[in-house]
Amino acid sequence: MVLLTLLAAVTIGIIRARSLFAVVVLIGAYSFLMASAMIVLDAVDVAMTEASVGAGISTVLVLGTLYLTKVHEAPPRYTALLPLFVAIGTGAVLVYGISGLPEFGAAHTPVNTHVGMSYMDRSVPETGIPNVVTSVLASYRGFDTLGETAVIFTAGIGVLMLLKRFKAKD
Amino acid sequence: MRLDVLLRVASKLFLPFILMFALYVQFHGDYGPGGGFQAGVIVAAAVVLYAIIFGLDEAHKVVPSAVVEAMVPLGVLIFAGVGVVNMIGGDNFLNYTHLAHDQIHGQEWGVFLVEFGVLVTVSGTMVAIFYAFAGRGKA
Amino acid sequence: MISQLPALQVVIPLLGALIVAILRSGTIGWIVSLAVSWTMPVIAIVLLGHVSEHGPISYAMGGWEPPAGIEYRVDQANAYLLLLVSGMAALVMTYAPRSLASEISPNVLGWYYSMYLTCLAGLLGIAITGDAFNVFVFMEVSSLATYVMIALGRDRRAIMSAYQYLIVGTIGATFYVIGVGLLFVMTGSLNLFDIAGRLGDVESSRPLIAALAFLTVGIGLKLALFPLHLWLPNAYAFAPSVATAFLASTATKVAVYLLLRILFSVFGVTVVFSEFNTAEILLTLSVAAMLIPSIVAIFQANVKRMLAYSSVAQIGYITLGIALANQTGLTGGIAHIFNHALIKGCLFLAIGCVVFSSGVTKIDNMAGIGRRMPLTMAAFVIAGLGLIGVPGTAGFVSKWYLVAGALEKDMWWLAGIIVVSSLLAVLYIGRVVEVAWFREPGDSLKAIRDVPPEMMIVTWVLAAATIWFGFATDISAGVAAEAAQVLLAGYR
Amino acid sequence: MTLAAEIIANYNYWITIFLMVAGLYIVVSRTNLVKTLVGLSLFQTSVYLLFLSPGKILGGTPPIVAEGFTVYSNPLPHVLILTAIVVGVATLALGLALVVRINETFGTIEEDEIIDRLERE
């Protein structure tokens with residue numbers, strides 16, 4: 001709970017910070033807090049990825065971009081009501097929807113009684129892999145992972161197409 | 001850049017361990033947290049560290065950008081290729097059952113190859129993106 | 001072999017994209033892409049034939065039976081869409097090489113073909129899959145490829161519109177994921193068919209309503225549902241001609257299909273349209289979409305922007321069919337997906353020819369171009385008539401069904417709005433026709449090149465199809481009716 | 001249940017909602033292109049909590065089968081979120097590449113200024 005409160009505090013910091021360097025530092029903090037929260041939620045694989053992606057790759061990328069562009073954010077010229085309206089509207093729908101969700105931590109909910117949990121019993125006899133996250137990732141839902149790899153491929157080629165400098169002779 | 005001998009020596013010492021850790025994360029993914037993606041990020045981090053300490057040109061000599069750019073599609077190709085091999089065997093796409101003599105070993109081989117594909121694409125892409133961003137600043 | 005076709009439909013373009021990305025040559029890239037993109041409609045035709053004879057196909061990815069594994073599920077509705085998307089992709093690819101070579105740097109041309117195939121694989125993947133989360137993954141595959149394709153337009157505003165599209169598209173995708181997440185929490189499943197079956201047992205309806213809202217808004221952003229369309233005109237206006245023609249005739253159509261699938265198959269007609277006022281909201285938005293962007297289109301200076309606004313208006317017709325939610329109306333909506341893809345594809349390709357020959361995109365600079373490029377602009381006129389909905393063209397057929405569907409519900413005023421919107425189309429298409437045919441050519445257009453044969457042939461194939469499907473209604477409208485029937489029946 | 005108790009029991013969800021709304025607010029209100037992307041990735045990250053929270057079972061352990069444990073948390077959301085994180089960072093990388101190009105083309109990363117510049121032409 002402390003973690004989550006800190007997360008919220010960091011988010012407010014990100015909204016208010018005008019220096020983009022400060023934002024980068026806060027993103028790193030945010031990611032590590034998020035990763036810690038994920039460990040509490042038993043998602044160790046996800047936490048590891050979030051820490052390396054959020055605090056590692058994202059930070060490097062944003063820093064690289066700032067190096068190539070500039071670091072200060074100009075204040076917005078007008079205080080728009082529309083963004084606030086959009087955000088509050090979305091929040092209202094979320095509150096409405098989420099308030100009907102099953103209680104946190106319960107074991108008898110639909111999520112925890114249907115497909116998800118069936119993997120726990122199936123993984124070792126069917127694939128021989130004790131880390132169920134790996135077996136679901138690479139086998140049961142392997143096609144999603146292929147799609148995910150295709151996304152990385154697309155982003156990689158896309159960045160190259162946009163940023164790679166070609167030699168003049170080409 | 002002459003003053004940072006300490007950095008150079010230290011990073012040379014560290015690099016093998018970083019790569020070892022990446023391999024551990026890669027192969028131990030069946031039993032503990034980790035897998036191709038995380039390992040790929042660590043490998044890329046090692047290359048990025050090398051490039052930061054020794055300079056971009058030096059890094060290009062060790063890991064040429066042509067290799068990196070080929071790795072980007074190659075990993076996905078390994079992944080999809082495993083699926084296609086299953087199809088030729090008469091199974092559905094990505095059904096690893098008949099990669100080895102029984103189902104468990106088939107699955108283990110399938111997962112191993114697929115994770116390797118992920119490793120190749122992820123590390124290739126991360127380094128390629130880093131090169132692209134870094135190369136942009138020079139001119 | 002036939003049992004493997006659903007997977008091949010997506011895997012072949014993906015493999016093609018990878019091979020092209022490794023080889024990186026523009027020429028080889030085009031050859032591979034051409035071979036791949038012509039294989040796709042063949043597979044789609046076989047699938048469609050199989051499905052309409054034997055009923056839905058279910059294909060278990062990795063051999064894991066759903067809902068544990070990811071399922072590919074083909075029925076009339078998405079087989080029809082697969083055929084449309086792959087067919088358009090094949091035609092545009094045939095048209096592409098010289099047009100692309102004139103707009104894209106040779107350094108990245110090979111990669112551009114790779115992105116095209118990746119985008120195609122993503123779109124086909126969305127259309128064919130039966131798994132809610134798999135939809136998201138392939139949505140991102142196609143979207144990222146789309147952003148890249150748009151960003152490489154020659155105009156420097158292209159890159160800005162790609163950025164805006166990236167922001168909006170990602171918000172849309174995230175909304176979609178939130179919706180899927182809520183559904184997942186309440187039903188415990190990600191398989192669309194399974195979710196539909198388990199929705200009845202859900203204890204609290206509030207997360208479901210929120211899920212419906214998030215899914216609709218998320219997909220609405222992707223399909224440029226009025227007033228969520230603001231990204232579309234710039235993106236279409238500044239992308240390379242080939243990308244515009246391809247995206248205009250496929251990307252939004254796949255998003256529409258996804259909305260149909262979620263509303264009808266998963267939630268079911270009764271839930272969506274009797275328990276909530278979805279119909280009223282969708283109807284209002286559709287009517288607004290048919291009128292307001294049409295008026296905006298009339299005042300555009302850039303012809304591609306004008307056609308893009310017209311696309312937003314035409315999407316209004318399709319969502320109108322959804323909102324009517326009866327057999328006739330929905331048939332009209334689905335037939336309009338098909339017809340609009342043909343017509344808009346033809347219009348954008350014709351403009352692509354103009355850009356290729358003269359580099360002109362401003363309507364005022366097109367004076368007299370009809371006399372210099374009579375065949376191209378004749379195709380433009382035919383497709384324009386189709387867009388207006390003149391009897392004897394494909395556009396008439398789908399509008400006819402929509403009017404009939406509206407009358408079935410005693411909404412005679414809707415028929416009036418369809419007519420008014422068509423009259424607005426007369427104005428904006430007429431403006432181009434007037435400038436192109438009835439003004440003296442300026443000096444700059446004196447020495448323009450001819451369009452290569454492959455570009456001309458593809459444009460004319462689509463123009464001919466616009467007329468052909470105006471008469472051969474049993475093909476387009478017939479299959480659309482079957483698809484509408486399948487969708488209205490739902491998964492339950 | 002009183003409101004306070006309700007909030008404490010489902011604290012995760014409330015924070016999730018707050019993070020989502022905050023992320024979305026940054027995206028739609030800011031005109032600095034980098035800040036917008038940062039907001040976008042916050043928005044995506046908050047969705048992860050929405051998936052992960054319901055999969056947690058109090059007293060459960062991470063979903064790695066081992067002797068001595070019988071209650072595990074749900075593995076499926078973890079897999080989905082792994083995919084989502086990767087998709088998120090891919091989008092971020094592409095978005096930042098676009099920002100770099102925009103800066104080279106227009107000389108600024110403020111959306112207002114770019115629109116001004118385009119209108120002046």
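Predicted model: local features only at pLDDT ≥ 70, side-chain atom pairs only at ≥ 80, totals over all residues.
Let's start with the rings. A pair of aromatic rings is described by the distance of the centres and the angle of the planes. Going over all chains, you get 22 aromatic pairs. Here are two of them, side by side:

| Pair | Centre to centre | Angle between planes | Type |
|---|---|---|---|
| A:F143 and C:F138 | 5.3 Å | 15° | stacked |
| C:F133 and D:F51 | 6.3 Å | 75° | edge-to-face |

Take the A:F143 and C:F138 pair. With 15° between the planes, this pair is stacked, because planes under 30 degrees apart count that way. The pair crosses between chains: A:F143 belongs to helix 8 of chain A, residues 142–163, while C:F138 belongs to helix 5 of chain C, residues 132–151. Are these two residues buried or exposed? A:F143 is buried, and C:F138 is buried too.

Now for C:F133 and D:F51. Their planes are at 75°, so this pair is edge-to-face. Here, too, the pair crosses between chains, going from C:F133 in helix 5 of chain C to D:F51 in helix 3 of chain D, residues 33–55. Both C:F133 and D:F51 are buried.

Rings can also link up into a cluster. Which residues do the ring pairs link in this way? They are A:F143, B:F93, C:Y72 and C:F138.

C:R73 lies over the face of C:F193, 4.2 Å from the ring centre.

**Where chain B meets chain D**

Next, the contact between two chains. On the chain B side, eight residues are in contact with nine residues of chain D. About 620 Å² of area is buried between chain B and chain D, and carbon and sulfur atoms give 75% of that.

As for helices, helix 2 (36–54) and helix 5 (103–138) of chain B each supply at least two residues of the side that touches chain D. Helix 5 of chain B gives the most to that side, with three residues.

Definitions and conventions. Residues numbered from 1 in each chain as written. Chains lettered and ligands numbered in written order. Heavy atoms only, no water. Phe/Tyr/Trp six-rings, centres within 6.5 Å; stacked < 30°, edge-to-face > 60°. Helix = DSSP H or I, 4+ residues; strand = E, 2+ residues; numbered from the N terminus. Buried < 20%, exposed > 50% of the residue type's maximum accessible area, 1.4 Å probe, protein only. Lys NZ or Arg CZ within 6 Å of the ring centre and 35° of its normal. Contact = heavy atoms within 4.5 Å. Buried area = accessible area lost by both parts, 1.4 Å probe.
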